[in-house]
Amino acid sequence: MNHDSLSLNRAGSWLFLPGHQPERRELALASNAQALVVDLEEFTPKAQQHQACLAFHAFADDCRARTRLPLVRINRLENGGEQELQLLLAARPAAVFLPQVERVSQLRDLAGLLDTGEAALGIPLGSTAMVPTLESRAGLSRADELLAASPRLRAALIGTGDLATDLRLPADMPLANRVDAIRPYRQRFLAACQAAGVLAIDGPWPAPQGFEQDQAWSVALGFRARCVVNTGQLPALHASQNNQQHSSDFYRIS
């Protein structure tokens with residue numbers, strides 16, 4: 001395994017960014033986020049996804065030069081993700097995110113493509129980790145099975161935005177009620193990840209206000225990593241994680 005994959009389970013802040021905007025890549029590199037995820041599936045227009053794959057190579061080198069983890073979220077394999085992977089793998093992403101995972105076969109198919117691609121490029125087998133995004137009731141109900149699908153699977157993300165859609169929560173539902181409706185799924189996701197021995201990445205916070213309070217709940221529950229799309233949330237995220245670490249150290253010493 002390479003250094004990136006060994007560091008994967010210690011990354012606490014996972015910043016998602018579009019792949020077609022050079023200024024956003026520079027902003028991400030200038031931030032103190034530990035894992036930088038170029039999101040082709042959700043944040044990059046389809047017409048610009050091919051160019052974003054090509055630009056990822058230089059971005060991955062820049063990430064490693066600044067001790068950041070370079071990662072990418074592709075589209076579903078049947079929706080262009082397989083072709084994207086062929087363009088991306090030579091850049092040696094630390095991990096590949098797969099969206100909308102509900103079946104073990106999706107992960108096994110990705111693992112097979114990674115096996116073939118690494119062998120063709122002379123990359124040590126197993127270097128590229130997989131991170132499934134569980135963002136539906138169907139996916140979360142099968143979390144135990146999905147998280148055991150491959151030894152490449154070292155982390156998982158709960159997609160709380162798409163989960164809210166899957167749960168048919170009204171768009172005008174008060175934020176506090178929406179949060180309360182989704183929290184039981186976050187709890188079950190964390191428990192499944194802990195049982196499987198993979199890093200659980202909590203979903204993004206969608207509102208301008210309230211991140212600190214929700215992050216305090218997330219840390220108290222046991223999450224050690226979180227996805228963000230707003231660099232302004234990083235100071236509060238890191239502060240909460242540092243406090244968690246200090247508390248853990250205190251109790252171990254005591």
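## Reading helix packing and exposure in a predicted model

Mentor: Let's start with a helix pair: helix H4 (residues 49-65) and helix H5 (residues 81-88) have axes that come within 9 Å and cross at roughly 30 degrees. Keep in mind that this is a predicted model.

Trainee: Why is H4 called roughly parallel to H5?

Mentor: The two axes cross at roughly 30 degrees, and angles under 35 degrees count as roughly parallel. That makes H4 roughly parallel to H5. As for handedness, the crossing of H4 and H5 is right-handed.

Trainee: Which residues in H4 meet which residues in H5?

Mentor: From H4 there are Gln49, His50, Cys53, Leu54, Phe56 and His57, and they meet Glu84, Leu87 and Leu88 in H5. Sorted by class, this contact has five nonpolar, three polar and one charged residues.

Trainee: What makes the pair of H10 and H11 roughly parallel?

Mentor: Helix H10 (residues 175-196) packs against helix H11 (residues 211-221) at an angle of about 30 degrees, and their axes are 11 Å apart. The cut-off for roughly parallel is under 35 degrees, so H10 is roughly parallel to H11. H10 passes H11 in a right-handed crossing.

Trainee: And which residues make the contact of H10 with H11?

Mentor: H10 brings Val179, Arg183, Arg186, Gln187 and Leu190, while H11 brings Asp214, Trp217, Ser218 and Leu221. By class, that gives four nonpolar, two polar and three charged residues.

Trainee: Let me step back to the whole chain. How many helices and strands does the protein chain have?

Mentor: There are 12 helices and eight strands.

Trainee: What share of the residues counts as buried?

Mentor: Of the 254 residues, 52% count as buried. Here is one more figure for the fold: among contacts with a separation of 6 or more, residues 24 or more positions apart account for 68%.

Trainee: Now for single residues. Why is Leu107 called buried?

Mentor: Buried means under 20% relative accessible area. Leu107 has 0% relative accessibility, so Leu107 counts as buried. Leu107 lies in helix H6. Leaving aside neighbours within four places in sequence, its contacts are Leu98, Val101, Met130, Pro132, Leu146, Ala149 and Leu153. One of these, Met130, is 23 residues away from Leu107 in sequence and 8.1 Å away in space, C-alpha to C-alpha.

Trainee: What makes Thr231 partly exposed?

Mentor: Thr231 is at 29% relative accessibility, so Thr231 counts as partly exposed. You will find Thr231 in the loop between strand S8 (225-228) and helix H12 (234-253). Not counting residues up to four places away in sequence, Thr231 touches Leu15, Leu27 and Ser31. Thr231 and Leu27 are 204 residues apart in sequence, and 8.5 Å apart in space, C-alpha to C-alpha.

Trainee: How is Gln194 classed, buried or exposed?

Mentor: Exposed means over 50%. Gln194 is at 52% relative accessibility, so Gln194 counts as exposed. Gln194 has its place in helix H10. From Gln194 to Val228 there are 34 residues in sequence and 21 Å in space, C-alpha to C-alpha.

Technical notes. Residues are numbered from 1 along each chain as its sequence is written. This is a predicted model: local features need pLDDT of at least 70, side-chain atom pairs count only at pLDDT 80 or more; totals for chains, interfaces and linings use all residues. Side-chain values use heavy atoms; hydrogens and water are left out. Axes are lines fitted to C-alpha atoms, for helices over the stretch in contact, and angles run from 0 to 180 degrees between N-to-C directions. Helices (H or I, at least four residues) and strands (E, at least two) are DSSP runs, numbered from the N terminus. Angles under 35 degrees count as roughly parallel, over 145 as roughly antiparallel, 65 to 115 as roughly perpendicular and the rest as oblique. A crossing is left-handed if the near helix is turned anticlockwise from the far one by less than a right angle, and right-handed if clockwise. Contact means heavy atoms within 4.5 Å. Ala, Val, Leu, Ile, Met, Phe, Trp, Tyr, Cys and Pro count as nonpolar, Asp, Glu, Lys and Arg as charged, and the others, Gly among them, as polar. Buried means under 20% relative accessible area, exposed over 50%, partly exposed in between (1.4 Å probe, protein chains only).
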